[in-house]
Amino acid sequence: GYDTTISNAGVLDGSFVSYCVDLGQYLNINGIYNGDLYKADNAATILGNRYNDILKLFSSGYNADTNGSATKSAGFQIALWELVYENSGSYDVVNGGIRFSTSEAARLAATGFLEGAASFSGQSLNLQVLTSGSNQDVAFATPVPEPGAYALMLVSLATVGVMRRRRKAG
């Protein structure tokens, strides 16, 4: 995973871990990329019929299971590429249309992520993709705000409005 920071991009501002989507282009390790090279694209459109499987992968294994572990991060990347590129009909990182010959530990981690995605039925994250014509496209996930968070925000705004109105009246 790449530690990624975006600033002055509106809704995408912040830091997160992103993973490479395409194998046809590259990113330099520790590279700094101008935001003008990337655009936020619709993940469902970019990922096509693999979108739901990839959304389950991110929702079941992103962040908590990869944070701080190079082996798990590599396993997550392998699982993502398996979901994006496999054309044999089943997801298997050792056999099929795309195969990985990296460390056994990373392949085992990838298999665990794929199994977790296959059985996932919880709250999904918000999957996002940044695309570039000259650099590797990347995917990342952000939490979907809970309905309670919206209600709390509305109550807070209403309270501010009431306080403001009282201040003007006084």
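## Basis

The model is predicted, so local features need pLDDT of at least 70 and side-chain atom pairs count only at pLDDT 80 or more, while totals for chains, interfaces and linings use all residues. Residues are numbered from 1 along each chain as its sequence is written, and side-chain values use heavy atoms, with hydrogens and water left out.

Helices (H or I, at least four residues) and strands (E, at least two) are DSSP runs, numbered from the N terminus.

## Helix 2 and helix 3

Helix 2 (residues 51-61) packs against helix 3 at an angle of about 165 degrees, and their axes are 9 Å apart. Axes are lines fitted to C-alpha atoms, for helices over the stretch in contact, and angles run from 0 to 180 degrees between N-to-C directions. Helix 2 is therefore roughly antiparallel to helix 3, a term for angles over 145 degrees.

Helix 2 contributes Asp53, Ile54, Leu57, Phe58 and Gly61 to the contact, and helix 3 contributes Phe76, Ala79, Leu80, Leu83 and Val84; contact means heavy atoms within 4.5 Å. By class, the residues of this contact are eight nonpolar, one polar and one charged. Here Ala, Val, Leu, Ile, Met, Phe, Trp, Tyr, Cys and Pro count as nonpolar, Asp, Glu, Lys and Arg as charged, and the others, Gly among them, as polar.

Strand 4 (residues 126-131) is mostly covered, with five of its six residues buried (under 20% relative accessible area, 1.4 Å probe, protein chains only). Strand 4 runs antiparallel to strand 3 (residues 39-41), and three bridges join them. Two strands pair if DSSP finds at least two bridges between them.

Strand 4 also pairs with strand 5 (residues 138-142), in the antiparallel sense and over five bridges. These two strands form a hairpin with six residues between them. Leu130 of strand 4 stands opposite Ala40, and in strand 5 the bridge partner of Leu130 is Val138.

Val94 is found in the loop between helix 3 (70-85) and helix 4 (104-118). With a relative accessible area of 41%, Val94 is partly exposed, that is, between the buried limit of 20% and the exposed limit of 50%. Leaving aside neighbours within four places in sequence, Val94 is in contact with Arg99 and Arg107. The C-alpha atoms of Val94 and Leu108 are separated by 10.0 Å, and the two residues are 14 residues apart along the chain.

Gly112 lies in helix 4 and is partly exposed, at 36% relative accessibility. Gly112 and Phe76 are 36 residues apart in sequence and 9.1 Å apart in space, C-alpha to C-alpha.

Conventions: Angles under 35 degrees count as roughly parallel, over 145 as roughly antiparallel, 65 to 115 as roughly perpendicular and the rest as oblique.
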